Amino acid sequence: MKKFITMLLAAGMILAMSGCGNDEKVIGGDVSNAPGSPEQTAGGSGNTTGQVSGKGYVFLYNGVTVSVDGDMAPVLEGLGEPVNYFEAASCAFEGLDKTYTYGSFEIVTYPQGEKDCVSTIILKDDTVSTAENISIGSSRESVTNAYGTDYTEQGSMLVYHKEGMRLCILVENDTVTSIQYNSTVLEE
């Protein structure tokens with residue numbers, strides 16, 4: 001009986017660790033000299049200001065516009081190979097969810113027909129910023145000056161909604177500690 005229970009627990013742990021699927025692929029490397037790393041952006045965010053197009057709030061890096069729910073193909077073409085790449089069977093869609101890490105930021109996609117669309121953009125440090133020049137380390141006042149006060153507050157997070165996407169900015173002790181762009185495609 002003990003052997004049966006042990007095997008049952010082991011099987012449960014394996015299933016829990018496998019997540020939604022088992023078609024995972026990871027390509028890794030050193031992120032110290034990747035696009036978006038301090039070595040590549042020396043002295044700034046890599047962002048350019050000016051007129052941008054895309055759905056909702058967009059992220060700009062070295063002239064490449066990344067838009068939530070936008071096609072990832074032109075982003076990959078503009079940014080080149082990521083430092084890290086991970087893919088796994090999608091829990092919500094037919095196909096693979098993919099994660100591309102470019103040093104100081106990460107882009108997660110979901111499958112939509114033949115395309116991969118951007119679901120999440122995560123800014124990981126203060127060497128990159130939003131198109132409105134908000135970065136990790138910015139003040140809460142800078143955030144409200146850039147985006148206004150039309151947000152919902154979820155704990156310490158300011159959530160701005162625009163054109164079917166969310167810009168989530170975590171503010172702790174009046175300082176930005178996390179910035180994430182999210183699709184609302186699963187909420188619709």
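Okay, one term before anything else: two strands pair if DSSP finds at least two bridges between them. Strands here are DSSP runs marked E, with at least two residues, numbered from the N terminus.

Quick housekeeping. This is a predicted model, where local features need pLDDT of at least 70 and side-chain atom pairs count only at pLDDT 80 or more, while totals for chains, interfaces and linings use all residues. Numbering starts from 1 along each chain as its sequence is written, and side-chain values use heavy atoms, with hydrogens and water left out.

E5 and E6 run antiparallel, joined by 5 bridges. Tyr100 has Ile107 as its bridge partner in E6. There are 2 residues between the strands in that hairpin, and Gly103 takes a positive phi near 70°. Then E6 carries on to E7, again antiparallel, over 8 bridges.

How enclosed is E6? Largely, because 7 of its 8 residues are buried, buried being under 20% relative accessible area with a 1.4 Å probe, protein chains only.

Let me stop at one residue, Thr99, which sits in strand E5, residues 96-102. Is Thr99 buried or exposed? Thr99 comes out buried, at a relative accessible area of 17%. Leave aside its neighbours within four places in sequence, and Thr99 is in contact (heavy atoms within 4.5 Å) with Asn84, Tyr85, Phe86, Glu106, Ile107 and Val108.

Now the rings. Rings of Phe, Tyr and Trp (the six-membered one) pair if their centres lie within 6.5 Å; planes under 30 degrees apart are stacked, over 60 edge-to-face, and the rest tilted. Searching the whole structure gives 9 aromatic pairs. Take Tyr102 and Phe105: their centres are 5.5 Å apart and their planes are at 20°, so that pair is stacked. Tyr102 is buried at 0% relative accessible area, and Phe105 is buried at 0% too.

E2 runs antiparallel to E3, residues 64-67, with 4 bridges joining them, and Phe59 has Val66 as its bridge partner. In this hairpin it's Asn62 that takes the positive phi, near 50°.

Last stop, the largest pocket. A pocket, on a 1 Å grid over the protein atoms alone, is an open set of points where a 1.4 Å probe fits, with protein on both sides within 12 Å along at least five of seven lines; lining residues have an atom within 4 Å of a point. The volume is the space filled by probe spheres set on the points, which are joined across faces, edges and corners. For the largest pocket that's about 220 Å³.

What lines the largest pocket? 17 residues do, with Phe93, Tyr110, Ser119, Val185 and Leu186 nearest its centre. Strands E6, E7 and E11 each supply at least two lining residues, and E6 gives the most, with 3.

Key:
Buried < 20%, exposed > 50% of the residue type's maximum accessible area, 1.4 Å probe, protein only.
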